[in-house]
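I opened a new page for this structure and kept my notes in the order of looking things up.

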Amino acid sequence: MIKNKKGKGKQVVDIKLVPEDQRIFQGLHFYFFPNSDTHPGRRQRIVKAIEYGASWQDKFNDTVTHIIVDRDYDFEQLLKYLKLKELPAGIVVVNENYTATCMDFYKLVDTSTIEFRVKGYEPPASSATIAQPNPSQASEVSLQLKPVKRKAVVLSSQVTSEASLNLVSSSAASLSNSPAPGVLDPQQVPNKDEDELDTAIRQAKESHPLASDDEDDVEGHKRRKTNNWQDKFQCMHKHTGKSGDQGPNAHTLVVLQELADHYDQIRDQWRCKSYRQAISALRKQTTKISTKEAAMRVYGIGSSIAEKIEEIVRTTHLRKLDFAKLDERQQILNRFMKIYGVGLHAAENFASAGYKTIDDLLQKAELTDNQRIGIDHYDDFNSRVPRAEVEKHAGIVKKALKGLGKNYIVNTMGSYRRGAQDSGDIDLLITKPGASIDEIRTTVMDRLVPLLTKHKFLVAALAQTSQADGTKWHGASCLPDSSTWRRIDLLLVPEEELGAALLYFTGNDIFNRSMRLLASKKGMRLNQRGLYKDVLRDYGREKLSEGTLVEGKDERKIFEALGVPWRPPEHRIC
Ligand code: DCP
Ligand code: MG
């Protein structure tokens, strides 16, 4: 929070450091141009940068890693001011958009892209991308962009003494001497054939899974995914759309995915990310990759994962995974987290209470109604729904809706729309041209759901957004000739928002994040309702207004408005 002491000239600023694991600028030394905090916008940028771990250098010196140049200035003015003919090698020069975008995505984003370019500045080819250090690949990342910074930095010295900003720390925490993350990650160097959307996909994959694009999620859809339901993180969205047809490296992919899931569950996001990248790279291979050398030639696979690929092919196993599997607590958590309605938090609580088996839970634990259903249908909910069966469930809903009103349209979404041979659940998007959301809601919630419940097709209501304005119904369904329960989501949308909803509910999650990233790069904002421009944000990037709707109805037009070619659903598997 910033406190202004108006009329005194000098301003007292409260620095609130973000939690340590979010300090993306830690170890970096920023020099702003102009380098004073008299301008409120720049002042805010300086404060935010410090809160996210940077130190602010009041003088240009040899520790500076980044120069952040105000929009109104160009590179020539910078050199002139610094009285330099050229900058020392390795310093990153970016415009004022850079810090906010990094904070948006909880990572150091690619500095080479045009939106961070300072007028008149040509970044050297080798400084294309600065990545965060990636523990899983530390040994593989040897190219250092800039020598590692030295001395421990304490908060009071994050801004040097002569700086005019009077900073008051709200935290006594001292910052550790972590090395400047100025390293090149081979996986992040853009491919020459990459288009703008590919770049965004690559960046979305690399960004923190909990990056602030969450704000674009409406009605808690994602929250339900991450908290209440299965505590899903990005690696848990592993299904590719082609789980039955993974090509010549199918077995290797299955084992690597298991390890990625393991890292996901223990919240090792960086390893999880590396494995996910490697998996998507390996999946594209048309020949079997059997050796470390061959694996390392695949763009996106580093040496440590390449070694594991060789081990899997050679032994059909991965020792690391076998050990992980042996870890009893991990096994217990895995077991519990596969229960519908149990996330990591609940699983940990159960494990800490000494429960080991599902029976323990049934006999001793305090369970919610949904968790009980989750246990009763543990195998059902954990098995994939074959494509043909998804179609049968959708068919029943379509037929029933037809009897309730004309012109209802039901689209089957999620992995099904991406062409998957099987799906984790059945996602149905319901709309009716010309009808209001109230009309659609009344038909679905008050008539369709009761009708299908009466016919014993809908067998459990698990979650629903509030009766009055809800647009989602989540439950379970069961075909007449079957006893297997499936997870089914009914998603209601007015025609004006159909395109954006089609885009969002097709996914996958990484593709969605890349589209949102692309929108934000273009000064727009995308959510499941539409694409908006002129969104007003304050300096802290808080959204102040929704902006003007650019497109919501037509999925293709959203791609057009973002300036990228249409990508059919089956090509949105990232
Ligand atoms: N979605 C998202 N972010 C999330 C959760 C979901 O963008 N955290 C979007 C993209 C998903 C779509 O919603 O593709 C449907 O969510 P599902 O969890 O049903 O995922 P899928 O249908 O893709 O996979 P599955 O086959 O496992 O159901
Ligand atoms: Mg789904």
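How many bridges join strand β3 to β4? I am working from a predicted model, and in it I counted two bridges between β3 (residues 29–33) and β4, with the two strands running parallel. On this pair I also found F30 standing opposite W56 in β4.

Next I looked up the sheet these strands belong to. I noted an open sheet of four strands in the order β4-β3-β5-β6, with parallel pairing. I found β4 (55–56) and β6 (92–95) at the edges; each has a single partner strand, so one side of each is left without a neighbour in the sheet. As a general point, I wrote down that strands of a sheet pair through backbone hydrogen bonds.

Then I turned to the helices. I saw helix α1 (residues 40–51) lying across β3 and β4, at about 175 degrees to β3. I saw helix α2 (residues 75–82) packing on the sheet, where it touches β3, β5 (66–69) and β6. The direction of α2 makes about 105 degrees with that of β3.

Last, I looked up G424, in the loop between β10 (422–423) and β11 (426–431). G424 counts as partly exposed, at 32% relative accessibility. Leaving aside neighbours within four places in sequence, I found G424 in contact with R384, V385 and S415. I also noted that G424 and P386 are 38 residues apart in sequence and 9.1 Å apart in space, C-alpha to C-alpha.

Key:
Residues numbered from 1 in each chain as written. Chains lettered and ligands numbered in written order. Predicted model: local features only at pLDDT ≥ 70, side-chain atom pairs only at ≥ 80, totals over all residues. Heavy atoms only, no water. Buried < 20%, exposed > 50% of the residue type's maximum accessible area, 1.4 Å probe, protein only. Contact = heavy atoms within 4.5 Å. Pairing = 2+ DSSP bridges. Axes fitted to C-alpha atoms, helices over the stretch in contact; angles between N-to-C directions.
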